[in-house]
Amino acid sequence: MRLRVSVFLLVGILAASVAQAQQVTGFIESFNVIKTTGTTTQINIWAKGPIKDKVGWSLWSLTSESWSEAYAGLTFAPTSWVAVSASLGLESDADPLRVGGSVWVGKGRWSLLSIHESGGSGRWHRNIALYQATKTVAIGVDNIRFFGTGLHAEKKFGKVTLWGTCAVNKGIAGARFNF
């Protein structure tokens, strides 16, 4: 199943890249949950691009040792400071259908991203509020289902962003390559 999800995402990214090569943006990320019982690593890929006017497309994939998902969908940005998305895809579950949606709002140095998913393996969400303290440093609060709520910080080095979130007795460390 993980192979099918990865192939689905790769074909989608390649097709979108050929069609809109100059306007595709996104990231590839190593996402590492650190607990007293050990570390769990996952690889995330996200890409987006325009279709027409305020409508665009997006692709998402997550792969870990025990679970994977991938979905594609449409985005709508009615203004420069609001974007919403709705997506449909697959996950590595006996009931593989998965849906996701998100809302992003940002004005000046402040932003909020709220992501919600549902599928055969259950519901999941992440809410992250950020303040862009400098051109390369952001701080905020991160809330992730099954993880908790904690402080979040990130530092950009060109196209690479190193980030972390800490909560009680656990943390997440990430490295993201932006394209």
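Biologist: What makes the side chains of Trp 60 and Glu 69 a polar contact?

Modeller: The two side chains come to 2.8 Å. A polar contact is a pair of N or O atoms within 3.5 Å; within protein, one atom must be able to donate a hydrogen and the other to accept it, and residues adjacent in sequence count only if both atoms are side-chain atoms. At 2.8 Å, the pair Trp 60 and Glu 69 is within that limit, so it counts as a polar contact.

Biologist: What kind of model is this?

Modeller: This is a predicted model, in which local features need pLDDT of at least 70 and side-chain atom pairs count only at pLDDT 80 or more, while totals for chains, interfaces and linings use all residues. Residues are numbered from 1 along each chain as its sequence is written, and side-chain values use heavy atoms, with hydrogens and water left out.

Biologist: Thanks! Is Trp 60 buried or exposed?

Modeller: Buried means under 20% relative accessible area, exposed means over 50%, and partly exposed is in between, with a 1.4 Å probe and protein chains only. Trp 60 has 16%, so it is buried. This residue lies in strand S3, and its C-alpha atom is separated by 6.7 Å from that of Ala 47, 13 residues apart along the chain.

Biologist: In what order do the 12 strands close into a barrel?

Modeller: The order is S1-S2-S3-S4-S5-S6-S7-S8-S9-S10-S11-S12, with antiparallel pairing. Neighbouring strands of this sheet are turned by 20° against each other on average, direction ignored. For such angles, axes are lines fitted to C-alpha atoms (for helices over the stretch in contact), and the angles between N-to-C directions run from 0 to 180 degrees.

Biologist: Let's look at S7 and S8. How many residues lie between them in their hairpin?

Modeller: Two residues lie between S7 and S8 in that hairpin. The two strands run antiparallel and are joined by 10 bridges, and Ser 114 stands opposite Asn 127 in S8. S8 also forms a hairpin with S9, with four residues between them; seven bridges join these two antiparallel strands. In S9, Asp 142 is the bridge partner of Ile 128.

Biologist: How many aromatic pairs does a search of the whole structure find?

Modeller: The search finds three. One of them is Trp 110 with Tyr 131, at 4.7 Å centre to centre and 50° between the planes. It links distant parts of the chain, with Trp 110 in S7 and Tyr 131 in S8, 21 residues apart.

Biologist: Why is the pair of Trp 110 and Tyr 131 called tilted?

Modeller: Rings of Phe, Tyr and Trp (its six-membered ring) pair if their centres lie within 6.5 Å; planes under 30 degrees apart count as stacked, over 60 as edge-to-face and the rest as tilted. For Trp 110 and Tyr 131, 4.7 Å makes a pair, and 50° falls among the rest, so the pair is tilted. Trp 110 counts as exposed at 57% relative accessibility, while Tyr 131 counts as partly exposed at 27%.

Biologist: What makes Arg 176 count as lying over the face of Phe 27?

Modeller: A charge sits over a ring if NZ of Lys or CZ of Arg is within 6 Å of the ring centre and within 35 degrees of the ring normal. Arg 176 is at 5.1 Å from the ring centre of Phe 27. Lys 155 lies over the face of Phe 157 as well, at 5.2 Å from the ring centre.

Biologist: Finally, why is Asn 32 called buried?

Modeller: Its relative accessibility is 16%, under the cut-off, so Asn 32 counts as buried. Asn 32 lies in S1 (residues 25–35), and a polar contact of 2.8 Å joins its side chain to that of Thr 41.

How values were computed
Pairing = 2+ DSSP bridges.
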